[in-house]
Amino acid sequence: MMELGQAMRERRSIRGFTDKPVTREMLEEIIDMANCAPSSMNTQPWHLHVLTGAPLEAIRTGNSERMLAGIPPVREIPDHGTYEGVHRERQIEIAKQLFAAMGIARDDKAMRQDWVMRGFRQFDAPVSIVVTFDRSLIDNGTIAHFDLGAVTYGLVLAAWSKGLGTVINGQGIMQSPVVREHAQIPDDQVILTCVALGWPDESFAANDVKSHRRPVSNTARFVGFD
Ligand SMILES: Cc1cc2nc3c(=O)[nH]c(=O)nc-3n(C[C@H](O)[C@H](O)[C@H](O)COP(=O)(O)O)c2cc1C
């Protein structure tokens, strides 16, 4: 298995997948590793719904059709709204990188729309892991969201260490009622996000895109070290 530091540095989001199936055994190993994530007071408030085949196809179709029909997104957590300032700048930077890799011109509305639709289809990944948390924690959900971020990063890294690609994919659950119906999410859970997963398609240009990060000097300050 890949060394942790290597996996952390080399991982990137994968948005093009081959048809090669991912075995249930591999998925169980990855989830077993991700489950080692820390959580507030060891509450482990996450649930992972691992989808493939007909239910996943039904979610792709339902999510895409509703988005194409102009139905506003229905999420189960508060929306982040429009990003501004440095957050918007970073959002634009990665979009530019992805469009350049895919040869999508700025004014090519059809190709841009095609890219957005791929997102709604979870980039046609063979597997999707829907990440939910216990509804009893929704009123003060910040810490539960933190815990789910930890387990999700664990999932993504564990998958990468085994040669599998992932993209955390808010677009794929924009129409959460569709996900709830076809994945049969229990009423006492809240849908936070999903992770599209599969074997990376080496010929898919966007898979080579490496997003930029701020240096340590721009991220951290050290107090009392001098
Ligand atoms: C909460 C969350 C939601 C995301 N949703 C999407 C999405 O809907 N579509 C997409 O293409 N990427 C999505 N991403 C992936 C980010 O765009 C990606 O992580 C970021 O640009 C950094 O790139 P990297 O993962 O390659 O390092 C999401 C990531 C996170 C953490």
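In which sense do S1 and strand S2 pair, and over how many bridges? S1 and S2 (residues 127-134) pair in the antiparallel sense over 6 bridges, where pairing requires that DSSP find at least two bridges between two strands. Strands (E, at least two residues) and helices (H or I, at least four) are DSSP runs, numbered from the N terminus. The structure is a predicted model, in which local features need pLDDT of at least 70 and side-chain atom pairs count only at pLDDT 80 or more, whereas totals for chains, interfaces and linings use all residues. Residues are numbered from 1 along each chain as its sequence is written.

The open sheet comprises 4 strands in the order S1-S2-S4-S3, with antiparallel pairing. Strands S1 (46-51) and S3 (165-168) stand at the edges and have a single partner strand each, so one side of each is left without a neighbour in the sheet. Within the pairing of the sheet, Thr132 in S2 is the bridge partner of His47.

Helix H2 (residues 24-34) and H6 have axes, which are lines fitted to C-alpha atoms over the stretch in contact, that come within 8 Å and cross at roughly 135°. Angles run from 0 to 180 degrees between N-to-C directions. H2 and H6 are therefore oblique to each other, a class left after roughly parallel (under 35 degrees), roughly antiparallel (over 145) and roughly perpendicular (65 to 115). The contact (C-beta atoms, placed from the backbone, within 7 Å) is made by Ile30, Met33 and Ala34 of H2 and by Val151, Gly154, Leu155, Ala158 and Ala159 of H6.

Definitions and conventions. Two residues are in contact if their C-beta atoms, placed from the backbone, lie within 7 Å.
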